[in-house]
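Have the model open as you read.

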Amino acid sequence: MEIKGSVAIITGGGNGIGEAVAKRLASDGAKVVLADMNEDGLKRVQSEIKSAGGEAITVQVNVTKEDDTAKMIKTAIDAYGKLNIMVPCAGIIKDGMLLTLDKETGKVAKKMTLAQWQAVLDVNLTGTFLSVRDAAEAMVNTGSQGVIFTISSVNKVGQIGQLNYSSTKVSDALFPKILIGEFNKRKIKNIRVVGIAPGYVGTPMVKGMDQKYLNEVVLPDVHLGRLIEPEEIADLITYICKNEAINATTIEITGGLCHTGGIAK
Ligand SMILES: NC(=O)c1ccc[n+]([C@@H]2O[C@H](COP(=O)([O-])OP(=O)(O)OC[C@H]3O[C@@H](n4cnc5c(N)ncnc54)[C@H](O)[C@@H]3O)[C@@H](O)[C@H]2O)c1
């Protein structure tokens, strides 16, 4: 698929991986629709894309709200009449162990709260579902050649301290196989679905993690010996857009991460 002239929506486009993906697609000639909750991030990324000669419009959305994802798709179709690429990068972490015991009594002092569980499910799973569903609808109804991504994580294997996050990321990794199976049965041949499962990427999300843990426990297990750059994820996404043989799978990009530990203390 040609990126030049295509139309791409990137949720979480106001920061981190979404920002890098949006900038790369725009520099390759795509018309980019930046969608994020954070208006300042949207304005900054849009202005940087435009200064570099690219095309971008913005829409402020909360991807957990059905009306907002509908508005996001409508913004793209009203402006450009088609949709070719959907990259739902909006995501959050709220790490913590299920139970934390009081050191003296051995009784439970703290537990993962329902709010901590639900917030991560709402953004990472329901937000992905709504973005993907509405993008697929628009691609079918406009007859657009399209690629829909899901953003999983290497922590889909089940990371200690991330029961909430890992639960969403294992689900995000299942979308491509299930959806392409369904599209095949429905004879929908114009849409591919591909998952990306990054390791630890140098974005604000990871900078918010326990840095001592990151440097002393995570990075020594990364064969590459450093965090992945968001631009390296963007590079993979543009390659997948162009190569139509890649479909119905979730691809890890981790720098060779082998897990040994957990995240939360
Ligand atoms: N950074 C990593 O190491 C890493 C690794 C694997 C997977 N991922 C995944 O990649 C995606 C992007 O992560 P990142 O590191 O770029 O994060 P980030 O925190 O840098 O950026 C996330 C963006 O999503 C936006 N956002 C959050 N909730 C939203 C909502 N409800 N509606 C709309 N926008 C919302 C934020 O405003 C922000 O701009 C996430 O799904 C994350 O789980 C990240």
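The buried residues of helix α2 are Gly41, Leu42, Val45, Gln46 and Ile49. Here a residue is buried if 20 or more other C-beta atoms lie within 10 Å of its own, exposed if 12 or fewer, and partly exposed in between, with C-beta atoms placed from the backbone. Viewed down the axis of α2, these buried residues fall within an arc of 125°, so they line one face of the helix; the arc is that of the directions from the helix axis to the C-beta atoms. The spacing makes sense, because an α-helix has 3.6 residues a turn and residues three or four places apart therefore point the same way.

Before going further, a word on the source. This is a predicted model, in which local features need pLDDT of at least 70 and side-chain atom pairs count only at pLDDT 80 or more, while totals for chains, interfaces and linings use all residues. Residues are numbered from 1 along each chain as its sequence is written.

What do the buried residues of α2 pack against? Their partners are α1 (16-27), β2 (31-36) and β3 (55-60), where two residues are in contact if their C-beta atoms, placed from the backbone, lie within 7 Å. On the other side of α2, Glu39, Asp40, Ser47, Lys50 and Ser51 are exposed. The length of α2 fits too: its 13 residues (39-51) should span 18 Å at 1.5 Å a residue, and the end C-alpha atoms are 18 Å apart, which agrees. That expected span is 1.5 Å times one less than the number of residues. After α2 comes Gly53, with a positive phi near 95°.

Most residues other than glycine have a negative phi, which brings us to two other spots. Lys187 is not a glycine, yet its phi is positive, about 60°. You will find Lys187 in the loop between α5 (163-185) and β8 (191-198), exposed, with 6 other C-beta atoms within 10 Å. Ala248, also not a glycine, has a positive phi of about 60°. Ala248 sits in the loop between α8 (230-242) and β9 (249-253) and is partly exposed, with 17 other C-beta atoms within 10 Å.

Now step back to the whole chain. There are eight helices and nine strands, taken as DSSP runs (H or I, at least four residues, for helices; E, at least two, for strands) and numbered from the N terminus. Of the 265 residues, 45% count as buried. Among contacts between residues at least 6 apart in sequence, 74% join residues at least 24 apart.
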